[in-house]
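Take a walk through this structure, one region at a time. Keep the 3D view open and find each part as it comes up.

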Amino acid sequence: MTVIAVVLVFGFFTYNAQVNMENRGIDFGYGFLSQESSFDVQFSLIEYDGSHSYFRAYLVGLLNTILVSVIGIIIATILGVIVGIARLSPNYLINKFAAFYVEFFRNIPLLLQIFFWYFAALRALPLPQDAEAMFGIAFLTIKGLYVPAFIWQNFNIFFYSIVAAIIAIIVIRYQAKKLQETQGKQTPVLLISIGLIFILPLISFLIGGVRLSFEVPVLKQLATTSFIYEGGVSLPPELIALALSLSLYTATFIAECVRAGIQGIGKGQKEAAASIGLTPNQVLKLVVMPQALRIIIPPTTNQYLNLTKNSSLAAAIAYPDLVLVFAGTALMQTGKAIEIVSITMFTYLSLSIAISLFMNWYNNKIAIQEK
Amino acid sequence: MFKYLKQLTSLVAMVAVLFTFTTESMAAKKSKTLKNTQKKGFVRCGVSQGLPGFSNADAAGNWTGIDVDVCRAVAAAVLGDANKVKFTPLSAKERFTALTSGEIDILSRNTTWTLSRDADIGLTFVGVNFYDGQGFMVRKSSGITSTSQFKDGISACTNIGTTTELNMRDFFNSKGIKYEPVAFEKADEVVAAYDAGRCDTYTTDKSGLAAQRTKMSNPDEHLVLPETVSKEPLGPVVRQGDSVWEDIVRWSLNTMIEAEEYGITSANADMMKTSDNPAIKRLVGAEGEMGAAFGLDNEWNLRIIKQVGNYGESYKRNIADTGILPDRGPNELWTKGGILYVPPSR
């Protein structure tokens, strides 16, 4: 019954759209995706210019959306966990500072925060020619953050050495766990891991022939008062402002999830753990966090989804995300409103579902395993 | 008794239905858009979100500009009152969808007439009310005085969803210059970013540059470069498929331009009724049946001239006197060295 209703409603909408589009002389079709786009995009992770197709422009926008979402999620998670734990700190200053941060940033509309970081903070940044070097190699200017580019020789050997280090760490951790379970011996896994991840790549430098040099950005004059930096890698200010505002905003919600998770663990658990002689760090790591994570993960998933969808506000500050490039410029140039909006909606839906599935998988993994 | 009453009611209903059908078909000869407009009592007009000289709202919400005057002219023609217009501010991105979806009936928003827009999207351009071209604005302090001084790495601020984005690529590609396009959704944000120093140059239609310059924190620090890199004929647009409405909008614009040609102004329009020149008499509704084909009365064009004025008056009021572009350039009548030339009203 429900299915029939849904099909009928969709059928009606489709029919209605078709009739109206026919009346207004608009063609329907996805053929435009292979046409030349003939517009350029400021910032792209893959090679792109106006001679590529609209589909390529779509990929550029999609990758930019994924990029800012991933950066945002990583920073928001780290910041959120720190602030969430800080809010439970017995230290009055830390505690109140964290509370102030959360209340301040979660209660201002996100779009305003994006505008603030872009326009207010941007105006405060120096012009390229006035910028002072950070550590002598990086420059933060109104036209973006310029950092040195890495130039590798024999990069693959370096890469293999890191892979080898990671495999070695996994094996050692497994052995250490076994050792503790069978003989009760503690192994300093962390120290060994840190050592490995540094020493193996170092060896690759010494005997593997790996060489690394830096290409430092150099100031170049375009006109009397107009300069840019050449060489190195440049991060556009739009990306920085967007990633910053998204993560500062979302981190407040994640902090509250973390606080709720930790406070949701009974006091008796901590006291019992302390009474068998675990140190405060061990209590947090071995008793509280594994249980708290089960409370934290589901609402945090929501925040990850929110962040990804909120990244579409990018259009306001010229960050070329999916909405700006594809549902903006491409839509205007082709006039294919229904096709482009449907593709964009479907893309956001797929992104959200992918994040949900991953987080559900992780949640199941850490859930209580009933034996 | 009740039985008869029932039959009587159905008879009345049938007659009523028949009657509506006959009036319907007579009105349908006119135009669906015209009919809806007259029923609503106002013209639905899409304009920009604020471009001085073209369409700009003052603090009290009164819209002025030469694009606004096209809509006012249509309102004067079909409703008898130039003030009966409902303006909808639209971004470059929203404008065509608003028109094709029927949210507005005229799009008069400094929109460039191109082949693909006219043919593809379900739109019809009815004419040109401003001949423009794309240009570049730079800071005077940069020392740049010509586009030939542009170098690799230059960053250019502009709007998305405009022909500007495409022209910019054509221009920089043909010169072999690598550039960084920074495209915003709204014009105000483009201006703010350029003003803050995010971009070395700001590119859009030259009239737009001249108008936006007035919004900068210090207009004197900026310079519009002399080169014009594209043709941008701007004009009003209607939906495809209502040829009567299309004709009304086209001839409302043409009337304004032709009135200037014959020296008819808002002040002397009534006196022109007794002119000896039949062309002038036709323009003020004193000769011929110039409104019948649109389903309008005979004085539709007189009302346009009296209430809105001719093109020259509109240009002077909105663009010249506000200091945006005092020189009419190509937007002068063909009789005075410009390229404004419209078909005759006869």
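Strand 9 of chain B and strand 10 of chain B, residues 179-184, pair in the parallel sense. The pairing runs over 6 bridges. Look for one of the partners: Thr158(B) has Ala183(B) as its bridge partner in strand 10 of chain B. How does the chain get from strand 9 to strand 10 of chain B? It crosses through helix 6 of chain B, residues 163-175. This β-α-β crossover is right-handed. Keep in mind that this is a predicted model.

On one side sit Ile154(B), Ala156(B) and Thr158(B).

Move to chain A for another sheet. Here 3 strands form an open sheet in the order 1-2-7, and the pairing is antiparallel. The edge strands are strand 1 (139-141) and strand 7 (233-235) of chain A. Each of these pairs on one side only. From one strand to the next, the twist averages 20°. Strand 2 of chain A, residues 144-147, pairs with strand 7 of chain A over 3 bridges. Within that pairing, Val147(A) has Val233(A) of strand 7 of chain A as its bridge partner.

Next come two helices of chain A. Helix 10 covers residues 322-334, and helix 11 covers residues 337-366. Their axes come within 9 Å and cross at roughly 170°. An angle over 145 degrees counts as roughly antiparallel, and helix 10 and helix 11 of chain A are therefore roughly antiparallel to each other. Helix 10 of chain A brings residues including Leu322(A), Phe326(A) and Leu331(A) to the contact. Helix 11 of chain A brings residues including Ile340(A), Val341(A) and Thr344(A). The residues of this contact divide into 9 nonpolar, 2 polar and no charged.

Where do the two chains meet? In total, 33 residues of chain A are in contact with 38 residues of chain B. On the chain A side, helix 4 (110-124), strand 5 (218-223), strand 6 (226-230) and helix 10 each supply at least two residues. The largest share, 4 residues, comes from helix 10 of chain A. The chain A side divides into 16 nonpolar, 11 polar and 6 charged residues.

Finish with a single residue. Ala121(A) has its place in helix 4 of chain A. Why does Ala121(A) count as partly exposed? The reason is that it has 16 C-beta neighbours inside 10 Å, while a buried residue needs 20 or more and an exposed one has 12 or fewer. Leaving aside neighbours within four places in sequence, Ala121(A) is in contact with Phe116(A) and Ala241(A). Ala121(A) and Ser245(A) are 124 residues apart in sequence, yet 11 Å apart in space, C-alpha to C-alpha.

Key: Residues are numbered from 1 along each chain as its sequence is written. Chains are lettered from A and ligands numbered from 1 in the order in which they are written. This is a predicted model: local features need pLDDT of at least 70, side-chain atom pairs count only at pLDDT 80 or more; totals for chains, interfaces and linings use all residues. Two strands pair if DSSP finds at least two bridges between them. Axes are lines fitted to C-alpha atoms, for helices over the stretch in contact, and angles run from 0 to 180 degrees between N-to-C directions. Angles under 35 degrees count as roughly parallel, over 145 as roughly antiparallel, 65 to 115 as roughly perpendicular and the rest as oblique. Two residues are in contact if their C-beta atoms, placed from the backbone, lie within 7 Å. Ala, Val, Leu, Ile, Met, Phe, Trp, Tyr, Cys and Pro count as nonpolar, Asp, Glu, Lys and Arg as charged, and the others, Gly among them, as polar. A crossover is right-handed if, with the strands pointing away from the viewer, the path from the first strand over the helix to the second runs clockwise.
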